[in-house]
Amino acid sequence: MLAFVLSLAMVACNIRVNPNGWPLALLASLLYFLLFWHHRLYGEASLQIFFALMAGWGWWQWLRGHMADGRALRVRTLSTQGRLWLLTAVLVAWPLLGLFLRRFTDTDVPWWDALPTAASIAGQWLLGRKYVENWPTWLAVNVVSTALFAYKGLWLTVLLYTLFALLSVVGWRAWQRTAAAHG
């Protein structure tokens, strides 16, 4: 329940481009690690450790990060080439992670665990660097994850990820407006 509340507060901060969301992400991720490991969702569990580590990086990025031109980090869009590179990376990482999970763990859903895990890594990087494209990435992750968690019977997490999907649309629109204002 605590991870649920922390996660919603984190997304609310992210939508508002408020760096206080990052410490909330750290705490929620550690709590979700325990839940997912217990339910043999090893990709998702490992992802939570990655999220906890990335929370420190993202927090630093939002407070002190700079763009290539030296200006302070701001909300912006990724280039077409950047989008293609990121999509390719996810499409390569998904089957590789799925094969790893199938071979080295006792998960019963290696491919469905691997897909949101691979896409979440991309989404986390996009969020940390303040790219608008983090929101459609999270929307896709949240839709797939909702189905995965329903299959596993994690009903509070299903509710959370359904809310995350809706909030991804809200965040996407808000960040598009912010990027246009900076553009």
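## The largest pocket

The largest pocket in this predicted model has a volume of about 320 Å³, and 17 residues line it, with Leu-86, Leu-87, Val-90, Ala-119 and Thr-137 lying nearest its centre. Three helices, α4 (80-104), α5 (110-128) and α6 (134-152), each supply at least two residues of this lining, and α4 gives the most, with seven residues.

By class, the lining of the largest pocket divides into 14 nonpolar residues, one polar residue and two charged residues.

## The second largest pocket

The second largest pocket has a volume of about 160 Å³, and its lining is made up of Trp-85, Leu-86, Ala-89, Val-90, Ala-93, Leu-97, Ala-118, Ile-121, Ala-122 and Trp-125. Helices α4 and α5 each supply at least two residues of the lining of this pocket, with α4 again giving the most, here six residues.

The lining of the second largest pocket has ten nonpolar residues, and it has no polar and no charged residues.

Leu-156 has its place in helix α7, which covers residues 155-182.

When residues up to four places away in sequence are not counted, Leu-156 touches Met-1 and Phe-4. The C-alpha atoms of Leu-156 and Pro-116 are separated by 18 Å, and these two residues are 40 residues apart along the chain.

Technical notes. Residues are numbered from 1 along each chain as its sequence is written. This is a predicted model: local features need pLDDT of at least 70, side-chain atom pairs count only at pLDDT 80 or more; totals for chains, interfaces and linings use all residues. Side-chain values use heavy atoms; hydrogens and water are left out. Helices (H or I, at least four residues) and strands (E, at least two) are DSSP runs, numbered from the N terminus. Contact means heavy atoms within 4.5 Å. On a 1 Å grid over the protein atoms alone, a cavity is a set of points where a 1.4 Å probe fits but cannot get out, and a pocket is an open set with protein on both sides within 12 Å along at least five of seven lines; lining residues have an atom within 4 Å of a point. Grid points are joined across faces, edges and corners, and a volume is the space filled by probe spheres set on the points. Ala, Val, Leu, Ile, Met, Phe, Trp, Tyr, Cys and Pro count as nonpolar, Asp, Glu, Lys and Arg as charged, and the others, Gly among them, as polar.
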